[in-house]
Each structure stands twice: as C-alpha cells, then as structure tokens.
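Let's take a friendly walk through some side-chain contacts. Have the sequence and the model at hand as we go.

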Amino acid sequence: EESGALDSMLGKVADFFEQSLNFRVRTLPIESFVHATPFENLFVMPASPVLADLQGKLEARSKILKLRKALDELDEFDEMVIDTPPALNFYTRSALIAADGCLIPFDCDDFSRQALYGLMEEVEELREDHNEDLRVEGVVVNQFQPRANLPQRIVQELISSHPEWEGVRVVINHRDKTSLEN
C-alpha cells in the first residue's frame with residue numbers, strides 16, 4: 001500500500017528499498033522490516049509515502065529483482081500477500097516478479113476491460129522474461145450489476161473468449177454474495 005497507513009512502525013518497505021540504493025558494508029536483514037501484528041500468524045511489511053520518491057531511483061538502477069531476492073530469504077512464511085496500488089508501476093512489476101500467483105481486481109466496465117487485457121499481456125511478458133512460475137490465479141469482478149447488459153457481456157467474454165486464459169477463475173463480487181464462474 002503506497003499510502004503508508006502503517007507509517008509509524010519502524011523498518012518500512014521503503015527503508016528496505018532505500019538501503020538497496022546505497023553502498024553499505026552491512027545491510028539490514030529482510031526480517032528486520034517484517035513486523036508482527038495483534039493477529040496470530042499475520043505479519044506486515046508496511047509501506048510509506050517515501051516509496052513514490054524512490055521509484056525513479058530504483059528504476060534507474062535496475063532494482064526490479066530486489067524484492068524477489070529478499071522474499072526468497074523469508075523462508076519461515078508459508079504464504080505471503082503483496083498488496084500493490086492499482087497502477088502498473090515499478091512496485092507492481094517488482095511484486096509480480098516476486099510472486100508465484102496474482103489475483104486481479106476488475107471493475108466491470110469497458111475501460112477496466114481494456115486495462116485488464118493490457119495487464120494480462122504484461123503478466124505474460126514478465127512470466128517469459130523474469131518469472132516462469134507467475135500465474136494469474138483469478139480475476140475478481142467488482143461492481144457487478146447482474147441486471148445490466150454490459151457487465152453480463154463483459155464477464156461472459158472473460159470466461160469464454162480467451163482460451164489463453166485457461167484455468168483463470170473469475171470471481172463475481174455482488175453486493176450481497178460472491179460467486180465463482182468457470
């Protein structure tokens with residue numbers, strides 16, 4: 001989360017990326033940026049508004065693989081969830097390179113459909129170039145209006161018209177319930 005709601009905690013993810021830009025004889029271990037929460041088995045690596053300032057520097061120095069290498073060192077966790085802003089920027093690409101799978105939230109409108117196609121192409125390119133294990137686990141359809149024609153058509157197109165997306169589940173999120181398609 002780029003807004004950094006947990007900014008008050010020490011050892012933010014921005015500090016992790018920032019240390020990769022500077023030469024240090026001894027860098028802090030990735031574990032020092034991970035913090036326990038009041039919930040059992042839930043740990044966080046909080047974001048910070050500083051991430052926006054670091055993005056250009058990280059891109060210029062080709063640090064896109066840094067997160068993947070760091071997360072590989074965190075072997076005491078069974079599952080990790082990386083929440084990125086809804087933008088295809090350095091941090092989202094870095095997260096996709098580090099991930100085994102991704103869920104794509106999708107607002108059920110024509111503009112979002114075009115963005116989804118672009119994102120699916122980007123995921124395929126990242127899979128080919130950096131992370132052969134990356135797969136799209138599913139598309140979560142938000143703001144679905146079952147009585148309107150356009151959302152019905154868009155969801156049907158997602159399910160049936162893209163054989164290259166075989167195995168991708170479409171989850172429809174209604175106001176009252178969630179259902180699985182495909």
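Both Arg113 and Glu157 are buried, where buried means under 20% relative accessible area, exposed over 50% and partly exposed in between (1.4 Å probe, protein chains only). This is a predicted model: local features need pLDDT of at least 70, side-chain atom pairs count only at pLDDT 80 or more, and totals for chains, interfaces and linings use all residues. Residues are numbered from 1 along each chain as its sequence is written, and side-chain values use heavy atoms, with hydrogens and water left out.

Arg113 and Glu157 form a salt bridge, with their closest N and O atoms 2.8 Å apart; the term asks for a side-chain nitrogen of Lys or Arg within 4 Å of a carboxyl oxygen of Asp or Glu. Arg113 lies in helix 5 and Glu157 in helix 6 (residues 149-160), so the pair ties together parts 44 residues apart in sequence. Helices here are DSSP runs (H or I, at least four residues), as are strands (E, at least two), numbered from the N terminus.

Which other partner does Arg113 meet in a salt bridge? That partner is Asp110, at 2.2 Å from N to O. Asp110 is partly exposed at 36% relative accessibility.

Elsewhere, Arg135 and Glu137 join in a salt bridge at 2.6 Å, N to O. Arg135 is partly exposed, with 41% relative accessible area, and Glu137 is also partly exposed, at 34%. Back at Arg113, salt bridges with shared partners link Asp110, Arg113 and Glu157 into one network.
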